[in-house]
Amino acid sequence: MENIYYSLKKENQKRELVIRTKKISALRLNEVLIKVKYAALNYRDILIYDEEPSPVNHLEIIPTSDGVGEIVSIGKLVSQFKVGDRVMGTFFQDWVSEKFKESYIASALGEQVGFLSRYVVLNEKGIVQIADELTFEEAVCLPCAAVTAWVAIQKKGQISKGTSVLFLGTGGVSIFGIQIAKALGAQIFVTSRSEEKLKIANGYGANYLINTQKTPDWDKEVLNISNRVGVDLIAETLGGSNIRKSLSALAPEGKIAFIGCLESVTTNFDPNSLLYKNASLFSVYVGSREDLISTQEFIVEHTIKPHVDKIFTFQDAENAFAYLRKFKFL
Ligand SMILES: NC(=O)c1ccc[n+]([C@@H]2O[C@H](COP(=O)([O-])OP(=O)(O)OC[C@H]3O[C@@H](n4cnc5c(N)ncnc54)[C@H](OP(=O)(O)O)[C@@H]3O)[C@@H](O)[C@H]2O)c1
């Protein structure tokens, strides 16, 4: 059987999305063949498209880490899944539940193997059954953004009722974060460059809305709103010089979950500012298969509806990337 998939081809120093075909090889003992229903884009997919230097030199790049589909064939030793099961891929194919190893980075989907494809072959340890309560369109949002938000807010952030949490911008991680924090009874702050997006974030449970176009010194606004105390947890998705503002908006003994660097990949914050607040900084690199299972359980238990902005056809993939680059979505 032939597979049709997108590949990122290098042309004149720039990558270009091209459609390719390849024969699907016989399944190995623990592999499953998935007929892809949906793939979802994350900011990382744009970074890879626009040539983020990868620690791994893959011969070919097949985009998108996040994907869902139906199992159409299984290898002889597959024990946890059967034909017809609805499944999603795990971000790191090799990270099941144990302590993270750097070698797992090479197993991230959206590089050598990705879901922008009609079919995908994965090992059964790299997939998770989709809960009956979730549609394919909802489940496809989970593997990267939802897991990252859940690990930052609940697993590592350990927030509880009344804790204050700040989200920067209204991207995929922030919106899931707001929904998760709301379910945990937190007081939620969110910044955005768009009034319209702030209204949507408010609908998902954000209590305090800060428009950074009108209030560039948003850290001062956070301190004003919180009676000069600051917030207990910040999901840092902007990085760069923004971290200094995050440190200023942080409450004593607060925590910063370092997630992303939308503003810049370099930063020069002073670790002493953490010390003066007796604060902590931890990082989140998506999560394991077990984290995806826990995230899905949390989402189902709290009847959280993943936010789907727009659906594109397979043929229209290039426009989906262009749409994401404009940051007009929510
Ligand atoms: N460490 C991990 O495991 C992990 C996992 C997922 C994502 N990430 C990283 O986390 C970050 C967010 O990812 P995402 O998927 O949520 O992003 P996204 O869905 O693409 O959304 C990003 C949002 O951030 C805001 N934004 C973008 N550029 C900005 C800038 N220069 N200054 C201020 N605000 C900006 C915009 O919101 P407004 O229009 O509302 O301002 C935008 O909609 C990215 O850096 C991504 O690589 C890391």
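1. Two strands are taken as paired if DSSP finds at least two bridges between them. On that basis, and bearing in mind that this is a predicted model, six strands form an open sheet whose order is E10-E9-E8-E11-E12-E13, with parallel pairing. Strand E10 (208-211) and strand E13 (280-283) stand at the edges, and because each has a single partner strand, one side of each is left without a neighbour in the sheet. From one strand to the next, the twist of this sheet averages 20 degrees.

2. The end of the parallel sheet at E13 can be described at the level of residues. Strand E12, which covers residues 250-258, runs parallel to E13 and is joined to E13 by four bridges. Within this pairing, Ile256 has Leu281 in E13 as its bridge partner.

3. There is also an open sheet of five strands, in the order E6-E3-E4-E5-E7, and here the pairing is antiparallel. Its edges are taken by strand E6 (119-123) and strand E7 (127-129), each of which has a single partner strand, so one side of each is left without a neighbour in the sheet. Neighbouring strands of this sheet are turned against each other by 45 degrees on average, with direction ignored.

4. Within the antiparallel sheet, strand E3 (residues 31-40) and strand E4 (residues 66-74) pair over eight bridges in the antiparallel sense. A residue pair that can be located in the model is Leu33 with Ser73, the latter being the bridge partner in E4.

5. Turning to helix packing, the axes of helix H6 (residues 218-225) and helix H7 (residues 242-249) come within 8 Å and cross at roughly 15 degrees. Angles under 35 degrees count as roughly parallel, and H6 and H7 are therefore roughly parallel to each other. The crossing in which H6 passes H7 is right-handed. On the H6 side the contact involves Trp218, Asp219, Val222 and Leu223, which meet Lys245, Ser248 and Ala249 in H7. By class, the residues of this contact of H6 with H7 divide into four nonpolar, one polar and two charged.

6. Helix H3 packs against helix H9 (residues 289-301) at an angle of about 80 degrees, with the two axes 9 Å apart. That angle makes H3 roughly perpendicular to H9. From H3, the residues Leu142, Pro143, Ala146, Val147, Trp150, Val151, Gln154 and Lys155 meet Asp291, Leu292, Ser294, Thr295, Gln296, Phe298 and Ile299 in H9. The contact of H3 with H9 is made up of nine nonpolar, four polar and two charged residues.

7. H3 also packs against H4, at an angle of about 50 degrees and with the axes 8 Å apart. This arrangement makes H3 oblique to H4, and the crossing of the two helices is right-handed. Ala145, Ala146, Thr148, Ala149, Trp150, Ala152, Ile153 and Gln154 in H3 meet a set of H4 residues consisting of Gly172, Val173, Phe176, Gly177, Ile180 and Ala181. The residues of this contact of H3 with H4 divide into 10 nonpolar, four polar and no charged. Ala146, Trp150 and Gln154 are listed on the H3 side both for the contact with H9 and for the contact with H4.

8. The last point concerns the ligand. Which residues are the closest to the ligand? Of the 27 residues that surround the ligand, the closest are Gly169, Thr170, Gly171, Ser192 and Gly260. Helix H1 (43-49), helix H3 (142-155) and helix H4 (172-183) each supply at least two residues of the shell around the ligand. Sorted by class, the shell around the ligand has 12 nonpolar, 11 polar and four charged residues.

Technical notes. Residues numbered from 1 in each chain as written. Predicted model: local features only at pLDDT ≥ 70, side-chain atom pairs only at ≥ 80, totals over all residues. Axes fitted to C-alpha atoms, helices over the stretch in contact; angles between N-to-C directions. Parallel < 35°, antiparallel > 145°, perpendicular 65-115°, else oblique. Left-handed = near helix turned anticlockwise from the far one by under 90°. Contact = placed C-beta atoms within 7 Å. Nonpolar A, V, L, I, M, F, W, Y, C, P; charged D, E, K, R; others polar. Near = placed C-beta within 6 Å.
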